[in-house]
Amino acid sequence: MAIFTGAGVAIITPFKENYEVNFEKLEELIDDQIAQGTDSIVIVGTTGEASTLSHEEHLECIRVAVNKTNKRVPVIAGTGSNCTETAIYLSKEAQAHGADAVLVVTPYYNKATQNGLIQHYSKIAGAIDLPIVMYNVPGRTGCNINPETAATLAKTVDNIVAVKEASGNIANVLKMMQLAEGHLDLYSGNDDQIVPIMSAGGKGVISVLSNIAPKQVHDMAAKYLEGNVQESLELQLKALPLISELFCEVNPIPVKMAMNLMGWGTGSVRAPLTELEQAHVERLSKAMKEYGIKLV
């Protein structure tokens, strides 16, 4: 059984003016997401700026998300690291804090071999009882999960159950699903490929766009799952210009600006990320308005 079907939000981590985590605002965002139909909260991933959170902040975000969600939807906690032991530590803590699953990105910078990936994920899986979603985003990590590797892990490790695919390589995704033979659930990690990934057997999306358009992304996935493929595709195509602007600079710079343009007051990004350039702010604002999002 899938951890969730539909739209999971890769939720931002809001900061105060002094760059401390704004946990009260995080609770507000979680309530709003669930009220608008989001099917899962994915906390402290890339969009949540996990790379610049301390371990204490990271784990407190997980605790707050679990408590605030209160089983209304699953909570998937980002626990990846380029150090296997650190990923094990974070995954154990996420389980202790009550997360429903963990999202584990491939090791970045040190770029494990395919055999190294098998060992990395197997060791993490052996240390916890939670289901694991592997996260394949080679554009950020410099490390790709080959289809054969993903299939091997899915078939041989019981709690490796899904993959968030953000490689953009549909041919490799199809090969992975063929080789996995039904042992691996698939989620789109790219908002501009929700419908294409679902056509390859995907269960839904882990979405950046959901931060500012949760109902629309939920509806896009739900309509596909209901068999209304044409309506789902129309929603996908309508969202493309906005999605393009949400990635005009590195994520989550644009989406955090978008949240602030909507009046959420979620703060800036932590260094080394910087504020969205003014020309991009203007383009993003225009795309949001054209999509039907109200700005303050």
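I started at F4, which is buried, with a relative accessible area of 4%. I am working on a predicted model.

Next I looked up Y187. Y187 is buried too, with a relative accessible area of 0%.

I then searched for aromatic pairs. The structure holds one. The rings of F4 and Y187 have centres 4.5 Å apart and planes at 15°. Planes under 30 degrees apart count as stacked, so I logged this pair as stacked. I also checked where the partners sit in the chain. F4 lies in the segment before β1 (6-10), and Y187 belongs to strand β7 (residues 185-188). The pair links distant parts of the chain, 183 residues apart.

I moved on to helix α6, residues 147-156. Which residues of α6 are buried? I noted P147, T149, A150, A151, L153 and A154.

The axes of α6 and α7 come within 8 Å and cross at roughly 30°. Angles under 35 degrees count as roughly parallel, so I put α6 and α7 down as roughly parallel to each other. The crossing of α6 past α7 is right-handed.

I listed the contact residues last. From α6 they are P147, E148, A150, A151 and K155. From α7 they are N172, K175, M176, L179 and A180. I sorted this contact by class: six residues are nonpolar, one is polar and three are charged.

Definitions and conventions: Residues numbered from 1 in each chain as written. Predicted model: local features only at pLDDT ≥ 70, side-chain atom pairs only at ≥ 80, totals over all residues. Heavy atoms only, no water. Buried < 20%, exposed > 50% of the residue type's maximum accessible area, 1.4 Å probe, protein only. Helix = DSSP H or I, 4+ residues; strand = E, 2+ residues; numbered from the N terminus. Axes fitted to C-alpha atoms, helices over the stretch in contact; angles between N-to-C directions. Parallel < 35°, antiparallel > 145°, perpendicular 65-115°, else oblique. Left-handed = near helix turned anticlockwise from the far one by under 90°. Contact = heavy atoms within 4.5 Å. Nonpolar A, V, L, I, M, F, W, Y, C, P; charged D, E, K, R; others polar. Phe/Tyr/Trp six-rings, centres within 6.5 Å; stacked < 30°, edge-to-face > 60°.
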